[in-house]
Amino acid sequence: GLVGSEMCIRDSDWLELHNKSNEEVNIGGWFLTDDEDDLAKWEIPPVVLTSDEYLVVLCVGENEIENTSFIQASFKLGAKGEKVFLVNQNGEIMDQINFPCISKNRSFGLNETDDKVHFYVPSPGYENIYSTSFQQQENSISLSHPAGLYENEFDLTVESELSHEIRFTTDGTYPKEEGVLLNGPITIEELFIDDGVSFIPSSNDWVSPMQDVFKGNTLKFITYMNGCPSSEIVHADYFIRENIEETYPLPIYSLTFEEDQFFGDDGILVPGSTGQNYLGDGPEWERRAFFQLLNASEGKLYQSEIDVRVRGRGSRNNSQKSLKLFGRNNEGKAPFDYPFFSESDLSDYRRIVLRSGHSDFTKSMISDVLSSELVENLDVDYMESETSLIFMNGEYWGIQNARENMGKFYLESKYRIDPDAIDLVKVEDNSFVALEGTTNSIDQLFVFSEENNLAEDDNYQFIIDRIELPNFIDYHIAELFFANWDWPQNNQKVWKSHEPNSKFRWLFYDCDGCFYIHSLDRLSRLDFESDDTPFGFTLFRNMLRNENFRKQFHARYLELINNEFSAVNMLHEIDSLEALYEPVILEHINRWSAPDSYTSWKESVSEMRLFALQRSYTTLDQLKKLFGSPISIYPNPSNKNLFIDYGGEEAVYVQILDSRGSLIKEALTTSQSPISVLDLAQGVYLVKVRLGGLVFTEKFIKE
């Protein structure tokens, strides 16, 4: 066998191959590589190793060394460590070694028991000197103050357990051996700046901050010994400001990174070299960062290395971009291990989104969050969220909503299904587009609903055997009632797993276009006699041909108007969100010039209150046009008894008024209990029936 037994880097990178077998081995035409994706990176020239023979290979890259008899490979060894592979002519990996950073004038390889160790005395071309082996000591760093939010400045003392030199940075970069050497305490103080990443244009309509931007102290520490890191990096962000608990009462998401990766020519948040870098998507537009979650009362709650991408469609053109955070560990992508959202029991999130609204970015900023609050008790899949404050390399970046990312891993966490065995599709350009799996099943469902009359029970049963009917109903009611003008042609996703008997469910998300047009009437577009219905509405329209569905949908709509979507409940949620944003909105406006002013923000919130007050009444009119009144009175005319049919069994409050509006009679009654009208004079009356918080009026004639 061939074993990489010792390697040393610095002034002369080299590795050593040792033939431990009892036979000679011809390794000519084999390969050495430090890239697992390029196993044929460097071909070994004709070499035959006899039993117990050593071969030293200098790893010089493109710069060959003159006057040497050693073989020279066309790659170098990473100063901080990496993997090296030995590959045969057939492309098979015969051996590999993963080495760490190696101190100057030291080597790394195998001891007498084949454990990987360091050696004080390198021995290229000869047996390793086992008596000089040692294990690298792990150092630790301690801070006098934990990361967090403070009201007053202080001096931070940093100590190393093994008294190794401490290097540190304050600009988001990782400290290097040649970085700043710590020589004493660091003053942590309140900072406001008039330059930095906050003053780099991030879109075509970017506006410079109206005031100096608040900045935290972002520190990273590491210890070095003999040129190699001897500790883990310690990340600590400090935010110093008077009355900081009142100023920043929300969770803080602090991201630190190499500035050029986010704001340079190849930066993902700026126009950059392409003029629209922020439109880039996919792994090539992903950047590494470090993330800390903090709050005023508890300090640092969580931290993780992350990968970051810009997220969204139209919102990418906003100055403040929405971001998608991918959890990482040393091996690559990995779930976050933290319960980010208090309303959820989950803690294994694969993606976290920091979301800025698009159409609502300059208005109330709360419409999408409000929609999530209102559908919590409905049978819909929605994103948990938490309004938060974002900092980029310590600089105040404004308000964003930390959210779950609604994709296959969201479904995996919520339903414990295989994320690679689902169909997840979205409506786009009058068709379905597969995000995961295929569109075959949903296409077939829509085609069936178009080619078969769903008024017939067998055809209707075919559909409801394949969709989660309560979810379908609740989803459509929410979108309709919230008056989402950017739907159903957009923002519509449907999914099901590949497990037997799985049914389609609709995902509720992106309600930036909601809660403003109280008169918006999507139901009137359900033209049963033409093909003008929007594609995303076709199944719903065809379902409404069925009388059972119509009754179930209508009854559920009225129930929600009476409860979750009542004006009282909506106003309560709007007031709560306004109070949440109130302490932090002005600094956000000063940072982004959006909304236009504090006054315009308050006006937008007031518009939402007006929507809450008016929407129930306009919706009831729309429902009446399509479904008729939910109550009926019979017989009408009548001279003896009057029955009220409202589709329920509970008692309802009924008032009978004369033509002048005067109350003549009132009663609590049920559908089975008649109201006597013997004592009424002949004439026309108004009968008012209260169903929950709703009142319905019908004319009645006494004979």
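Modeller: A residue counts as buried under 20% relative accessible area, as exposed over 50%, and as partly exposed in between. The model discussed here is predicted.

Colleague: Are Asp 307 and Arg 328 buried or exposed?

Modeller: These two residues form a salt bridge, with their closest N and O atoms 2.9 Å apart. The bridge links distant parts of the chain, with Asp 307 in strand β28 (residues 299-311) and Arg 328 in strand β29 (residues 322-329), 21 residues apart. As for accessibility, Asp 307 and Arg 328 are both buried.

Colleague: How many salt bridges does the structure hold?

Modeller: In general, side chains of opposite charge can pair when their charged atoms come close. A pair is counted when a side-chain nitrogen of Lys or Arg is within 4 Å of a carboxyl oxygen of Asp or Glu. The number of salt bridges in the structure is 30.

Colleague: Is Asp 420 buried or exposed?

Modeller: Asp 420 meets Lys 408 in a salt bridge of 2.8 Å, N to O. Lys 408 is in helix α4, while Asp 420 is in the loop between α4 (408-415) and β34 (422-428); the two are 12 residues apart. The relative accessibility of Asp 420 is 60%, and the cut-off for this class is over 50%. Asp 420 is therefore exposed.

Colleague: Which helices hold Arg 609 and Glu 578?

Modeller: Arg 609 and Glu 578 form a salt bridge, the closest N and O atoms being 2.4 Å apart. This bridge links distant parts of the chain, 31 residues apart. For Arg 609 the helix is α11 (residues 598-627), and for Glu 578 it is helix α10 (residues 567-592).

Colleague: Why does Glu 578 count as buried?

Modeller: The class requires a relative accessible area under 20%. Glu 578 counts as buried because its relative accessible area is 10%.

Colleague: How many residues apart in sequence are the parts tied together by Cys 101 and Cys 228?

Modeller: The torsion about their S-S bond is about -85°, so this disulfide is left-handed. Cys 101 lies in the loop between β10 (93-100) and β11 (107-110), and Cys 228 in strand β24 (residues 228-229). Both cysteines are buried. The parts they tie together are apart in sequence by 127 residues.

Colleague: What is the relative accessible area of Cys 511?

Modeller: Cys 511 is linked to Cys 514 by a left-handed bond, with -80° about S-S. Cys 514 counts as buried at 0% relative accessibility. Cys 511 is buried as well, and its relative accessible area is 0%.

Colleague: What pattern do the disulfides of the chain follow?

Modeller: The bonded pairs are Cys 101 with Cys 228 and Cys 511 with Cys 514. With bonded cysteines counted along the chain, the pattern is 1-2, 3-4.

Colleague: Which residues form a negative surface patch?

Modeller: One member is Asp 260, found in helix α2 (residues 259-263). Asp 260 is exposed, at a relative accessible area of 56%. The patch is formed by Asp 171, Glu 258, Glu 259, Asp 260, Asp 265 and Asp 266.

Colleague: How much accessible area do Tyr 120, Val 121 and Ile 129 have together?

Modeller: Tyr 120 is in the loop between β12 (116-119) and β13 (133-134). At 43% relative accessibility, Tyr 120 counts as partly exposed. Together with Val 121 and Ile 129, Tyr 120 forms a nonpolar surface patch with an accessible area of about 240 Å².

Colleague: How far apart in space are Ile 65 and Ser 388?

Modeller: Ile 65 lies in the loop between β7 (54-59) and β8 (71-73). Ile 65 is partly exposed, with a relative accessible area of 40%. Ile 65 and Ser 388 are 323 residues apart in sequence, and their C-alpha to C-alpha distance is 56 Å.

Key. Residues numbered from 1 in each chain as written. Predicted model: local features only at pLDDT ≥ 70, side-chain atom pairs only at ≥ 80, totals over all residues. Heavy atoms only, no water. Patch = residues over 30% accessible without salt bridge, like charges linked within 9 Å, V, L, I, M, F, W, Y side chains within 5 Å. Areas by Shrake-Rupley, 256 points an atom, 1.4 Å probe, with all protein chains shown as cover. Lys, Arg positive; Asp, Glu negative; His and termini not counted. Charge placed at Lys NZ, Arg CZ, Asp CG, Glu CD. Helix = DSSP H or I, 4+ residues; strand = E, 2+ residues; numbered from the N terminus. Buried < 20%, exposed > 50% of the residue type's maximum accessible area, 1.4 Å probe, protein only. Disulfide = S-S within 2.5 Å.
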